[in-house]
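Hi everyone, thanks for having me.

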Amino acid sequence: MASDLRITSSLMDATLLDLPWDLPLDQWTDDDVVQLPKGISRHLVRFARLSGRVVAIKETTAEMANREYAMLRTLQRLDVPCVEPLAVIAERTDAEGEPLAAVLVTRHLRFSLPYRALYSSSMKESTAERLVDALAGLLVRLHLVGFYWGDVSLSNTLFRRDAGAFAAYLVDAETGTLEQGGLSDGRRLDDLEVARVNIAGELLDLAAGDRLDESIDPVAVAGSIVAKYTSLWHELHSDQVLPAGERHRIRERIERLNALGYDIGELSISTGDGGTTVAIRPKVVDPGHHHRRLQSLTGIDAEENQARRMLNDLDEYVAVHRDQRPNVGDEALANEWFEQVFAPIVQSIPIELRGKLEGPEVFHEVLEHRWYLSEQRRCEVSLEEAAASYIETQLAFRRDEAALLDVPLTMTMPVVTLQDSDDEEDEPDWRDLV
């Protein structure tokens with residue numbers, strides 16, 4: 001009965017008592033449960049409504065439920081992507097007083113799906129690889145805080161689209177341990193090997209059930225997590241401390257991350273006596289994400305690669321000024337970046353040169369030129385100085401693309417008359433003349 005329950009929760013919700021805890025989960029009716037896609041689990045899992053939200057309820061032992069509840073709370077404090085633990089319900093009994101399994105209650109991650117709901121015959125290979133990439137990013141995040149998962153798999157992960165990005169969230173922390181002083185290389189590589197083997201098995205299982213596109217090689221996709229993890233770990237295994245005059249190194253690091261197929265999920269910059277400290281969190285993105293995000297923040301209509309480059313500069317600007325003015329919101333800082341950084345550079349172009357390139361492309365090239373000058377001089381070059389140098393040494397010698405766009409894209413073809421003469425082969429082919 002509800003009065004016999006032992007409930008452990010940091011956010012006590014009285015509506016927890018309204019659920020039928022005196023019944024095993026497999027006997028809950030449609031009035032109690034919500035039908036949502038779920039992954040494979042060694043435990044019975046049901047979804048239910050609680051205070052207008054959906055929760056996941058997993059039957060397990062009291063010891064394992066309390067351990068996982070505590071671990072998930074710790075991971076949340078460490079800002080690792082995982083489901084939110086709500087409560088442990090123990091000392092359950094049925095109507096006859098027989099003991100029932102304890103349960104762990106977690107908040108269902110809205111708009112998230114297990115991998116089995118995402119992998120289907122219609123899924124492209126590139127999408128499958130991006131999901132594995134997202135899992136590689138999650139594994140790096142976990143290892144950075146010293147968490148050894150022990151059972152890395154797609155089944156123990158939820159995936160969610162967030163403004164065009166794929167994000168991976170840890171669901172099952174039952175086998176995990178948090179090791180003081182960080183993980184040894186051996187422990188990290190062991191987790192990575194478990195991930196590779198488990199992912200290959202999960203994808204082969206889908207293939208056996210004709211739920212995987214024939215273009216997808218399960219073993220190759222599973223193996224790709226090793227390369228992605230290794231590259232990410234190399235880029236992200238520690239915060240980077242930079243001398244105050246070498247902030248252009250931040251852009252180098254971001255571009256290496258972009259080359260690996262990752263975007264900036266978050267960029268934080270702090271300054272101190274030791275220099276500038278940079279921490280980057282990766283995120284996997286869908287095509288068009290950068291264009292949409294830049295337009296929503298600034299109104300700039302740019303191509304995808306232009307938008308990616310400008311967002312890198314915008315995110316760096318926001319991170320620096322957020323540290324200096326924590327009470328100013330990101331949207332206000334984005335508008336400030338547009339008015340104080342982007343617009344002045346575009347407006348500084350002489351009228352006679354404004355037909356050379358569109359504004360977003362000019363700004364992108366100015367950023368590239370600043371990076372080149374900073375590398376050449378081994379010191380930070382201001383954007384204004386870089387713009388002046390670019391206009392003088394680069395833009396002035398570019399072709400006028402606005403004029404080129406006025407050139408008609410049609411051509412007059414010669415009229416060809418077929419001849420039956422014997423010397424037909426002596427006539428030049430008209431295609432060689434145009």
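So, which residues have the most contacts inside the largest nonpolar core? Keep in mind that this is a predicted model. The two to look for are Trp149 and Leu170, and the core they belong to has 49 residues.

Where does that core come from? Quite a few elements supply at least two residues each: the helices α1, α2, α3, α4 and α5, plus the strands β10 and β11. Helix α3, which is residues 125-144, gives the most, with 10 residues.

Okay, zoom in on Trp149. Leaving out anything up to four places away in sequence, Trp149 touches a whole list of residues, including Leu135, Leu138, Leu139 and Leu142. Leu170 is on that list as well, and so are Asp172 and Asp191.

That isn't the whole story, though. Apart from this core lies another one, with 30 residues, among them Met310, Phe363, Ala386 and Ala387.

Now let's switch to a strand, β7, residues 102-107. Why do we say β7 is largely enclosed by the rest of the structure? Because five of its six residues are buried.

And what pairs with β7? On the one hand there's β3, residues 53-60, running antiparallel to β7 over six bridges. On the other there's β4, residues 84-90, also antiparallel to β7, over five bridges.

Conventions: Residues numbered from 1 in each chain as written. Predicted model: local features only at pLDDT ≥ 70, side-chain atom pairs only at ≥ 80, totals over all residues. Heavy atoms only, no water. Core = buried A, V, L, I, M, F, W, Y, C linked by side-chain atoms within 4.5 Å. Buried < 20%, exposed > 50% of the residue type's maximum accessible area, 1.4 Å probe, protein only. Helix = DSSP H or I, 4+ residues; strand = E, 2+ residues; numbered from the N terminus. Contact = heavy atoms within 4.5 Å. Pairing = 2+ DSSP bridges.
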